[in-house]
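Open the structure in your viewer and keep the selection panel at hand. The tour moves from one interface to another.

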There are 2 protein chains.
Amino acid sequence: MRRPNPEAPIGVFDSGVGGLTVARAVADLLPHEAMRYVADSAHQPYGPQSVAQVRRHALAVLDSLVDEGVKMLVIACNSASVACLADARERYPVPVVEVVLPAVRSALAATRSGRIGVIGTRITIASRAYEDSFAAVAPHTSVVSAPCPRFVDFIEQGVVSGPELEALALEYLAPLTAADVDVLVLGCTHYPLLADLIGAVMGPDVRLVSPSEETAKDIARILAAEGTARPAAQGPASVLVTQTGASEQLLQWAGGLLGSRLLPHSRWTRRAAV
Amino acid sequence: MRRPNPEAPIGVFDSGVGGLTVARAVADLLPHEAMRYVADSAHQPYGPQSVAQVRRHALAVLDSLVDEGVKMLVIACNSASVACLADARERYPVPVVEVVLPAVRSALAATRSGRIGVIGTRITIASRAYEDSFAAVAPHTSVVSAPCPRFVDFIEQGVVSGPELEALALEYLAPLTAADVDVLVLGCTHYPLLADLIGAVMGPDVRLVSPSEETAKDIARILAAEGTARPAAQGPASVLVTQTGASEQLLQWAGGLLGSRLLPHSRWTRRAAV
């Protein structure tokens with residue numbers, strides 16, 4: 001395998017705007033690393049689709065990022081991590097980072113009672129990826145999980161508050177509050193964008209955990225181990241945000257989360273739908 | 001979902017004879033549970049094939065087990081677990097048990113130094129499933145892994161010793177002995193059948209760990225939780241071993257590992273290749 005060029009960007013991918021929460025953590029920890037972010041807005045939301053469909057969509061986007069010469073792939077989407085991680089690791093000559101296990105690690109560091117809640121899309125919850133990981137390494141934790149299928153739809157419309165969403169949150173989160181969890185894993189990268197609302201429903205004693213910071217640390221570790229980090233002396237690098245569809249909200253969220261790091265021509269860059 | 005019938009058998013599946021090591025542990029822990037074992041001998045070995053190919057073969061066999069009315073599926077094959085666990089959990093109305101995380105749990109209980117070795121097929125090692133699981137839950141362990149692609153071929157021929165295999169073991173295991181691991185995960189269910197040879201190469205201070213006992217415990221736990229265990233009072237149940245191909249060795253190994261539990265007509269039962 002040819003060593004990737006340290007000057008090359010990191011490729012970050014999600015179905016929509018959720019992965020921007022991971023990109024933001026990477027931008028904070030590794031400001032000198034350039035990123036290319038792709039939202040597969042032509043095919044989102046992933047959650048209601050079959051594992052096979054999500055795998056096909058996700059690999060098409062990852063293929064395009066590898067063709068553009070990224071030095072690393074970040075699957076900043078729980079549903080896609082569940083669906084295609086093994087395929088991606090087989091298929092590409094660059095490291096592939098996912099988000100499920102960083103979230104598990106964060107949750108284990110944060111819990112005191114060992115009662116952990118997990119919310120995610122239908123695909124992620126049905127895969128039992130979180131339950132299995134907790135059971136494997138911390139068999140005495142008890143995990144309660146709940147799918148929150150419609151959260152992504154609201155976020156992709158730019159809606160993060162209001163009575164309809166609040167009623168939905170109360171309904172979705174009821175099994176978690178009933179189980180008296182002390183940590184809630186936001187097992188979908190979109191959900192940190194609802195942290196205010198989710199935190200209000202769960203109450204101040206429940207810690208919300210997302211994979212973004214731990215994923216950024218994994219990325220830093222791999223770049224260091226492979227000798228492919230971009231030298232910090234070269235100063236801050238930019239983030240190019242693109243999409244496969246035509247979401248109006250994407251640039252709004254990207255501007256809010258990435259600020260001046262966002263490349264101006266993100267505003268018009270479009271990819272062909274795959 | 002209709003509650004599965006406690007009288008129904010547990011379906012256990014592998015590419016070949018390796019999963020019999022798991023079936024044996026289940027037979028020991030849960031003697032009153034009937035099992036149907038399918039070896040996909042028409043398509044083994046899985047290790048050298050692509051993730052997509054293994055997924056297709058494995059789901060075809062799992063489909064046939066579900067059609068026969070098993071109450072649970074055990075993917076007693078690391079390569080297939082890596083390739084199709086999320087698909088299987090989505091596809092079937094019965095619980096699906098895999099083998100990677102039980103092995104991780106066993107290794108963490110066994111290691112003292114935190115230096116853990118993992119051997120497996122090409123697919124399993126390339127997926128980084130073990131590295132990720134250890135990194136997620138025990139970040140201070142150090143994991144060294146090595147693919148051992150040809151071990152399965154020897155085992156499927158019934159060969160577990162001899163100079164050629166010894167030379168291969170010395171070559172494959174060299175990175176593990178050099179890394180001074182204190183635990184070696186047998187990350188392919190075939191490998192316990194080479195435990196004598198592997199143990200001799202690694203030396204008496206290295207503990208060999210396989211998923212079989214922990215997987216059997218997972219199965220017991222799920223049957224209890226779902227209320228689908230077969231009552232122990234009904235006495236020992238039998239194991240029907242079948243295959244998609246025509247391996248001569250399968251019944252040899254099955255007889256050795258399952259003894260009188262093996263149903264006599266296993267000798268002639270054949271499935272159509274899928």
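How much area do domain 1 of chain A and domain 2 of chain A bury between them? About 2200 Å², 55% of it on carbon and sulfur atoms. Buried area here is the accessible area (1.4 Å probe) that two parts lose on being put together, summed over both.

Some ground rules. This is a predicted model, in which local features need pLDDT of at least 70 and side-chain atom pairs count only at pLDDT 80 or more, while totals for chains, interfaces and linings use all residues. Residues are numbered from 1 along each chain as its sequence is written, chains are lettered from A and ligands numbered from 1 in the order in which they are written, and side-chain values use heavy atoms, with hydrogens and water left out.

**Stop 1: the two domains**

Select 10–98 + 213–261 of chain A for domain 1, then 100–211 for domain 2. These bounds come from an automatic or database domain assignment. The C-alpha centres of the two domains lie 22 Å apart. Domain 1 puts 33 residues into the contact and domain 2 puts in 27; contact means heavy atoms within 4.5 Å.

Now show A:Arg105 and A:Glu214. They form a salt bridge, with the closest N and O atoms 2.9 Å apart.

Next, colour helix 10 (212–226) of chain A. Helix 10 gives the most to the domain 1 side of this contact, with five residues. Helices are DSSP runs (H or I, at least four residues), numbered from the N terminus.

**Stop 2: the two chains**

Show chain A and chain B together. A rotation of 180° with 0.0 Å of shift along its axis superposes chain A on chain B, RMSD 0.0 Å. Centre on A:Val137: in chain A, its C-alpha is the nearest to the axis, at 2.9 Å.

Here 24 residues of chain A are in contact with 25 residues of chain B. The two chains bury about 1900 Å² between them, 56% of it on carbon and sulfur atoms.

Pick B:Arg89 and A:Asp132. This pair forms a salt bridge, the closest N and O atoms being 3.0 Å apart.

Finish on helix 3 (78–91) of chain A. With six residues, helix 3 gives the most to the side of chain A that touches chain B.

Notes
Least-squares fit on C-alpha atoms with pLDDT ≥ 70 in both. Salt bridge = Lys/Arg side-chain N within 4 Å of Asp/Glu carboxyl O. Helix = DSSP H or I, 4+ residues; strand = E, 2+ residues; numbered from the N terminus.
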